[in-house]
Amino acid sequence: MPAALCDELCCATILRHMQAETESSSMVSFQEWLDRIARPIEFASRDDGAHLKAITNLSDFISTQVLSALRRQTYSRAIEARLISLRDLFVDFSSSLSPDEQRRRLHAAGLHIQVLRKAARRPDSPTVLSARLAGDIESTAAGRSDLWQLPVRFAKGVGPKRTGVLQRLGIETVEDVFWTIPWRYEDRSVMTPIGNLVPGMVASICGVVGKCEAKRTRNRRLSMLEVGIEDQSGRLQVLFFNQPYLEDTLTVGTRVMLSGRVISGRGDWMVPRMDVAQYEVVGEGMESALHVGRIVPVYHETKGWTSRQMRVLVRNLLTDHGMDLSDHLPVPLRARQRLIPIHEAFQDVHFPKTGTDGHLLGRGKTAAHRRLAFEELLLLQLALASRHRSVYEERKGVRFNPKTPLLAKLVSLLPFRLTAAQERVIREIFRDMISPRPMNRLVQGDVGSGKTAVALQAIVMACGSGYQAALLAPTEILAEQHYRNLSGMLQALGLQAVLVRGGEKASVKNVQVEQLAAGDVKVAIGTHALLQQGITFKNLGLAVIDEQHKFGVLQRKAMIEKGYRPDVLVLTATPIPRTLAMTAYGDLDVSVIDALPPGRKPVRTFLFSEGQRRKAYQIVRDELRADKQAYIVYPLVEESEKVDLQAAIQGAEQLKNGEFSDFRVGLLHGRMKAVEKEAVMTDFKAGIIQLLIATTVIEVGVDVPNATVILIEHAERFGLAQLHQLRGRVGRSSHQAYCLLMAQNLGRRKTESRRRTLGSEESMSAAGERLEALVRSNDGFVIAEDDLRIRGPGEFFGLRQWGMPEFRVANLVRDGDLLEQARQEAFSLLQSDPGLKESAHQGLREAMLRKWEKKLELGSIS
């Protein structure tokens, strides 16, 4: 048998034997374990590395064994650091390394093993590696629980100056560092021979510096370092500008790894060049190959802090504290959900093993991402379930009379019949109102579904029972419309209503304050002005909050904080996908009005490009000539330097004197005085104004049944939910209505990334996708799901202050199934241990309160 084949079989046999022994043994002494991983290293080192060619998987074997050992036993920091350094020597160990480099690493590994063997013989050394779950539990129990309050400023490489920089990234503690996960990954683990490089490709190479020459450019007075890199297959030229200090680092004979984009060489076309993104000197002390030669994490950066610095910080903190992490999730829960331990999750999410599936990494679907996302979602669901439980157990001080004669009188006054969906939701609301527990209910209904009529029933029951009611709207225009629509009917029932506005005269406001405090006014309608100081109610029994997302989930308790304990009814015409409902409104009971009033025709929606503008205008003119009314909506009020948008004021003037000079044109925008806005809306509702040019102040609630067409300028600038709201301003009668989307610059593809990013793919313009979704469907819930998928949860509601919780790992689009599982686990845990007071749940309870106690007002729970 040839000697080479014999060596290969011998090495393979040793590695298989080592692997089998480790897998089959549940108890292994530390000394025995060291002997086993030393054998293949010593075999490869024999005869000055003569058996190197026989090694095929030493890298995977050593890496796997060391990580396995670190997971099963807690070590002193010195031993832990030595084990990690041993692993780092073999992370990229392969035949692509030169024989000299392979021999150097084997020699360094031998030295590490010698030191570890000496440590193993000391009395205080670890004696046993346990593969049983009990070992995992003991390790968890010994974990530190104070990393959330350990300042990052004391970490190596940070200090006072960089602390402020990290705070801009939301990093203040060691725990914050661990939870700041990469936003993408680059695969620099595969080393491409220089001879195989092709211009345009993104690659990683490993070679030796053959030339390093400092120069100066002629014209721009820049310093330039010209470096030649060589391997056995060819040569590569690299230029570094304004980095003269690299001349001392990249000396001739130094072995380096580089990653970047290959570009065509100049002059000698045979020598390619590389636009280097990252470089690493190989064998630089015990420094790990963090930036090349592996799957590399890429983090969000800010001025003064780069991904390179972040990788070093994370690696150092994982080395110092990774095994100290306390795992909050109870072992039975982790077993049910098949979740890996927390320290393993952080290690793998920041520094994925070579060979990890790139698409899973890019999509955030690895076991490590799943583990961290689940914990985030579970903590929120525990907080929401706890608050829901505390509200459910609370006894309310108001008692409503479901038999008040005002309800029967209201039914007789309504000019229409309620739909079956409206009647069902009203029954759910009445059941809540007459129960001994506070109502906390969300009513979802598509635009035009009749939510206001439903809310009116609740208001009348409250007032008929001797209490006051407050109706809060997101804008003054909507508040004024509610007042106009409801005040007459309330007056017919003998109930006085008042409109509370922020800019009201002092004399008017003083009278309103007195009437509300005395109980003379039964219904107050307004915006957030109702929450201002100085306004008090005699006996507030019901708070109706319209278009909740405009206020913010966490602001809806502002009235309760003022000392009132009313029943709360939340209305939204923005259909909310199930995942968001479980998150933003997870502590509310939900009702859905899923049917429109009879006789309504679906709005026909068309998408126009700039070249089809005349056709769109013709549709508007045709409707106006048929004695109908129309809207034209602009996204801004004034000219903006940042975005090339036509302003509503300028557009109104041009259209009034041009395309629509034959019609009566009005203008409405948010910066007009309340009296001016009210006058314009009154004229539009009366038909005096035929064409209303407006900004998005008409987005919600404006109700003019004779308006049959809406043209939306720069529709690509709007979100899907917002466009659906705007479309809901028409189609409010039996006449056919039209929504015309005027869009520009659609179909552009996203700019290709200059680096190879794992899991990223070119996609159709998101704006084009949104608009096509609107053309396809009139169903608000279908559109909401599309909007959530296309834009993600952060943009779905538009602004953070609208109430969406922020996650560092979880994504509600991607992790909808995890959210459902986390919710089930949360309710199950609270059912068995309502206060999370069992010892196994203490860490979970503390983590939940740290994260959500102030944000979700969990005072009664803590």
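Modeller: A search of the whole structure, which is a predicted model, finds 5 cavities of 30 Å³ or more, and the largest cavity has a volume of about 290 Å³. This largest cavity is lined by 20 residues, and those that lie nearest its centre are Leu-67, Leu-70, Ile-84, Leu-318 and Gln-347. If you ask which helices contribute to the lining, at least two residues each are supplied by helix H3 (58-72), helix H4 (77-90), helix H9 (307-321) and helix H11 (342-350). Sorted by kind, the lining residues of the largest cavity come to 7 nonpolar, 5 polar and 8 charged.

Turning to the chain around these spaces, the protein has 29 helices and 22 strands, and 54% of its 862 residues count as buried. Among contacts between residues at least 6 apart in sequence, 74% join residues at least 24 apart.

Val-568 has a relative accessible area of 5%, and because buried means under 20%, Val-568 counts as buried. Although Val-568 and Met-433 are 135 residues apart in sequence, their C-alpha atoms are 9.5 Å apart in space.

Lastly, helix H18 (residues 506-518) has 13 residues and reaches 18 Å from its first C-alpha to its last, close to the 18 Å expected, and just after H18, Gly-519 takes a positive phi of about 85 degrees.

Note on methods
Residues numbered from 1 in each chain as written. Predicted model: local features only at pLDDT ≥ 70, side-chain atom pairs only at ≥ 80, totals over all residues. Heavy atoms only, no water. Buried < 20%, exposed > 50% of the residue type's maximum accessible area, 1.4 Å probe, protein only. Helix = DSSP H or I, 4+ residues; strand = E, 2+ residues; numbered from the N terminus. Contact = heavy atoms within 4.5 Å. Expected span 1.5 Å × (residues − 1). 1 Å grid on protein atoms, 1.4 Å probe; cavity = no way out; pocket = protein on both sides within 12 Å on 5 of 7 lines; lining within 4 Å. Points joined across faces, edges and corners; volume = space filled by probe spheres on them. Nonpolar A, V, L, I, M, F, W, Y, C, P; charged D, E, K, R; others polar.
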